[in-house]
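Student: Hi, I have a structure open and would like to go through it with you. Could we take it one piece at a time?

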Amino acid sequence: MVDRPRDRALVDLVRQRGEALTRYAGMFTGDVAAAQDLVQDALVKVFAKTRTGREIDALEAYVRRTIVTLYIDRYRRTRKFRQVQHLVSTDQLAPTGPDAAEVLDLYTALATLAPQERAAVVLRYFDDLTVADVAARMGLAEGSVKRYLSNAIHKLETRLGPVSPDDDGSPIPVITTTTRREGLT
Amino acid sequence: MNVDLRERLHALNRAQVVDPQPVSPELVLTRVHRRRAVQTAAAGLAAAAVVVGIGAVVYAAPWDAPPMPPATSTPTVTPEPSPEPTPDPTVQPPETAAPAVPEAPEVPPLVAVTAANDLVVIDPDTGEITRVVLSGISDDPDHSPALDVSPDGRHAYITSPGAGWPGEVQRVPFSDGTPEPIGVGGSPAVSPDGRTLAYVGPDPGADPEESRGLNLVDLGTGQLVRHIPDSTCIGCGRFVGPPFWSPDGSRLFMALGWVDGYPTAAEYIVEITEDTVELSEARQVGPEHVPATGIFTRWPSATFLADGRLVAFEASGDEAAWRDADDGPGLQVAERLAIVDPDSGAVTQRVALPDGLRLAGNHGEGRTTIRPVQIAASPYGPSLAMVVWLGWDNVDGHHYALYRWDIDGELQHLADDIVAVVWSPSPVSS
């Protein structure tokens, strides 16, 4: 079954990078089981395409992008992530060292974010993307991303205390809005 | 002291308790194989392509314009997945009846997009490219090349990809091949009276990445006169096929489904009437989908025959029915044409596809699966043209070919490397 080059590339990617991909997906889902499902779905989506390459690094990058896309799309389609956030359990964490308590605090704080806010935070501060790149990855306008980041930081600060200023040295502005786009299902 | 969010996020990433082998490669591989099979069988994912073919000889084809049986007196054939992808025994034989279609003063040409992204005119009898109208529509290999031709044969309407979705609908005069922008979107369809252009595009004034619906433009004024939003899904992987008009111009139809390509994803034709305000409320025409059974029937491409009947390419099968072959597992899919009464939505006849298409599709990873990516009917007869996906290989990528089928007549290969085609309603301007 794995004689074909594309299938072999898939197996190699899963075996070599499956854990890293699941950790990455877990940054969005906050739940390891959901992360595993997300990774599996992303792999299927990528490898079902007929023009997939075979370089492990390129494939991993592609799968990571797809993880983000699927996470956002699922939110838009079902909003189930919002519904299951309360099920998140810290049993899935085993932090060690002097920062263990702070890691747990961040884990809990991230669970309070809306999916779009969480995605923006992970892409901006974990993947180190620029705001413009985050906007492109999420399919949003830059202004929307800034608003999500601002709201997210505001929520995180209520639990974690002040966070570091953004790269340009300016404090992250707090923008609150109650406007919500209707029609999403 | 401020929290260093970057550092804290990386610490959280490391702290997650993850199985060293959290994902089973075998399970993923199985799902990939199944999905490839379904994609191949169900067609239409890329919203690519089209077709057509016709000639005077077509008018006498036996299946030419059989009278429409009343829906009440002709029970709909229930789509039953075949264990083998062979003609369904329930397929009714072609009927012979007096045609009720207009006489064609001159056989109009095919207008097509090639794999090299050229807009060309094709002789429907020989498959010869008689003219290149516009070269290099796109250098994007994933470009969706849907197109249409105005009833007077003066303009082609094409989709230029721009920077990806939503792209741009352009009008190209056959006289000089110079494109002009019409609107943001793709998959244009000109109404039979030539006055209105329908195309898939974003909500006016909205973020193009966040919305998708159907736009209607008055070609006389260039003004957007109506937008029909797709409120069921915004930017989330919806498959929205090219719209097409009923012959009298009173109704619009389009295929609708989910890009996921799983058998559980419904895909059918929706009808949009003057009173309909949202796609989600449009009337479904086509097979009822029953996800729990694993049996699926999909209509990824459809068009109107000249006599007013709707014809849809139909793929159906049972998600649980798999075959084991030397080159891996595959999904058993039955493929055929469904002839539909557009008023009742009832299937009045099913026609098996010719064996030649099955052989043509027996390449590479396509194996024995046929994939007509688009069907289009002659405006003067019941003859169909099909752009067929033949397969894929590592060197040249996807392979497509253009076929013409007179249903009960002989299948004719017209040309290779054609990815989209439409039958011009009239001879095109020189």
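Student: Which side chain of opposite charge is nearest to Asp118(B), and how far away is it?

Tutor: Keeping in mind that this is a predicted model, the nearest side chain of opposite charge is Arg131(B), which lies 13 Å away. Asp118(B) has no salt bridge, although Asp118(B) is buried.

Student: What does the side chain of Asp118(B) reach, then?

Tutor: The side chain of Asp118(B) reaches the backbone nitrogen of Gly136(B), at 3.0 Å. Once neighbours within four places in sequence are left aside, Asp118(B) is in contact with several residues, including Val132(B), Leu134(B), Ser135(B) and Gly136(B).

Student: And where in chain B is Asp118(B) found?

Tutor: Asp118(B) sits in the loop that runs between strand S1 (110–114) and strand S2 (119–122) of chain B.

Student: New topic: how many residues has the largest nonpolar core?

Tutor: That core has 63 residues, and those with the most contacts inside it include Phe28(A), Val121(A) and Leu9(B). Helix H1 (residues 5–29) of chain A gives the most to this core, with 10 residues.

Student: What does Leu9(B) contact?

Tutor: Leaving aside neighbours within four places in sequence, Leu9(B) is in contact with residues of chain A, among them Met27(A), Leu110(A), Val121(A) and Phe126(A).

Technical notes:
Residues numbered from 1 in each chain as written. Chains lettered and ligands numbered in written order. Predicted model: local features only at pLDDT ≥ 70, side-chain atom pairs only at ≥ 80, totals over all residues. Heavy atoms only, no water. Helix = DSSP H or I, 4+ residues; strand = E, 2+ residues; numbered from the N terminus. Buried < 20%, exposed > 50% of the residue type's maximum accessible area, 1.4 Å probe, protein only. Lys, Arg positive; Asp, Glu negative; His and termini not counted. Salt bridge = Lys/Arg side-chain N within 4 Å of Asp/Glu carboxyl O. Polar contact = N/O pair within 3.5 Å; in protein donor to acceptor, adjacent residues only side chain to side chain. Contact = heavy atoms within 4.5 Å. Core = buried A, V, L, I, M, F, W, Y, C linked by side-chain atoms within 4.5 Å.
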